[in-house]
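This report looks at a pocket, at charged and aromatic side-chain contacts, and at a few contacts between positions separated along the chain.

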Amino acid sequence: MSDTLQPNRAVERTPMRPEGAKAVRPRNAATLFIIRRDGPRPRVLMGKRHGGHNFMPNLWVFPGGRIDRADFRAPAATDLRPEVAGKFEAYMPLTKGRALGKAAIRETWEEAGLLLGRPTEPRPIAGPWREFLEQGVQPDLEALSIIYRAVTPPNVGKRFDTWFLMADAERLVSLERQPDCGELEEIAWFELEEALELPLPTVTRAVIQETRERLDNPNRPIPYMRFRMGPARPREL
C-alpha cells in the first residue's frame, strides 16, 4: 500500500449557491484518468488538491480543469479516434470535443508535470500552451477514450460539465514528473482499491468504481450523470 495513503476522512467542501440566486451555468471541463498496467494490478494517477482551495480542498482528484480558448487553437500530433469523436459529436461540434481533449492533456501537464504527447519540433506560441509545446511535443488525442460525464448539481456555487477521459500511461512521454512543474500538492500512483480509500470527491469515487468494471468490459455504456433538482438520474452517452 502506498505510503501517502490517508484515511478517507476529508470533507467535500464546495461553495454553495446563495439562497434565491439562479443556478450557475456549468463550465466545460475535462479531466484525465491515466492508468498504468506495468504491475500486478492496474494503477491510476491521483493528485491531492491544496488545502487553501475553496473548491474541494485536500481531496485527491485526477488532473484536469476548465477548457480555455487556446485549447481550440493549439496544434495536436494526432486526432481523436473515430468512436471518441462520434461521442463528442453527438453533443457538440467536434472542434469543441477536440478542445476538451487538449484541455485534459494541458491540465495534466500544468497540474502533474506529465506530458501526454508525441515528439515534434518545439513550436513558439503564446498563452497557456507555451511551456507544453516548448518541450518538443504536441498533444496525443488518439490516446484518449471517454469513460464518464458528469454535471455538477445546481445547488453548488461552482459548476462544471466535466468529461472524464482515460489514457494509458505508456502514451506518456515519461513517467517522471518534470521538475518545477505541477500545481497539485502531491501526485502518486494507486491501485484502484487503494484509490477508493483516499479522501475523494463523490464523482471521482464513482469514476474509479466505474473504471474497475470497464477494465473487464470495455464495451460498457458510458455513464452520464446530470443532477437536476432532486436526486441524480443516471443516463448513458
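A salt bridge is counted here when a side-chain nitrogen of Lys or Arg lies within 4 Å of a carboxyl oxygen of Asp or Glu. The model is a predicted one, in which local features need pLDDT of at least 70 and side-chain atom pairs count only at pLDDT 80 or more, whereas totals for chains, interfaces and linings use all residues. Residues are numbered from 1 along each chain as its sequence is written, and side-chain values use heavy atoms, with hydrogens and water left out.

**Salt bridges**

By that criterion the structure holds 19 salt bridges. Side chains of opposite charge can pair when their charged atoms come close.

| Asp168 | Arg37 | 2.7 Å |

Helices (H or I, at least four residues) and strands (E, at least two) are DSSP runs numbered from the N terminus. In the bridge between Arg37 and Asp168, Arg37 lies in the loop between strand E1 (27–36) and strand E2 (43–48) and Asp168 lies in strand E8 (residues 160–168), so the pair ties together parts that are 131 residues apart in sequence. Glu210 and Arg214, by contrast, both lie in helix H6, four residues apart, which is about one turn of the helix.

For accessibility, buried means under 20% relative accessible area, exposed means over 50%, and partly exposed covers what lies in between (1.4 Å probe, protein chains only). Glu210 counts as buried at 9% relative accessibility, and Arg214 likewise counts as buried, at 8%. In the pair of Glu83 and Arg81, Glu83 is partly exposed at 47% relative accessibility, and Arg81 is partly exposed with a relative accessible area of 25%. Arg37 is also partly exposed, at 49% relative accessibility.

On a 1 Å grid over the protein atoms alone, a pocket is an open set of points, where a 1.4 Å probe fits, with protein on both sides within 12 Å along at least five of seven lines, and its lining residues have an atom within 4 Å of a point. Grid points are joined across faces, edges and corners, and a volume is the space filled by probe spheres set on the points. The second largest pocket has a volume of about 310 Å³. Its lining comprises 14 residues, of which Arg81, Ser145, Ile146, Arg214 and Pro218 lie nearest the centre. Helix H2 (82–89), strand E7 (145–151) and helix H6 (202–216) each supply at least two residues of this lining. With Ala, Val, Leu, Ile, Met, Phe, Trp, Tyr, Cys and Pro taken as nonpolar, Asp, Glu, Lys and Arg as charged, and the others, Gly among them, as polar, the lining has seven nonpolar, two polar and five charged residues.

**Aromatic contacts**

Rings of Phe, Tyr and Trp (its six-membered ring) pair if their centres lie within 6.5 Å, and planes under 30 degrees apart count as stacked, over 60 as edge-to-face and the rest as tilted. This rule gives nine aromatic pairs. One of them joins Tyr91 and Tyr224 edge-to-face, at 6.1 Å centre to centre with 75 degrees between the planes. That pair links distant parts of the chain, with Tyr91 in the loop between H2 and helix H3 (94–112) and Tyr224 in strand E10 (residues 223–226), 133 residues apart. Tyr91 is partly exposed, with a relative accessible area of 35%, while Tyr224 is buried, at 5%. Elsewhere, ring pairs join Phe33, Phe62, Tyr148 and Phe164 into a cluster.

A charge sits over a ring if NZ of Lys or CZ of Arg is within 6 Å of the ring centre and within 35 degrees of the ring normal. Arg149 lies over the face of Tyr91, at 5.0 Å from the ring centre, and Arg36 lies over the face of Trp189, at 5.1 Å.

**Contacts across the sequence**

Lys158 is placed in the loop between E7 and E8, and its C-alpha atom is separated by 7.6 Å from that of Pro26, 132 residues apart along the chain. Ala169, in the loop between E8 and strand E9 (186–191), is buried with a relative accessible area of 8%; Ala169 and Leu116 are 53 residues apart in sequence and 8.3 Å apart in space, C-alpha to C-alpha.
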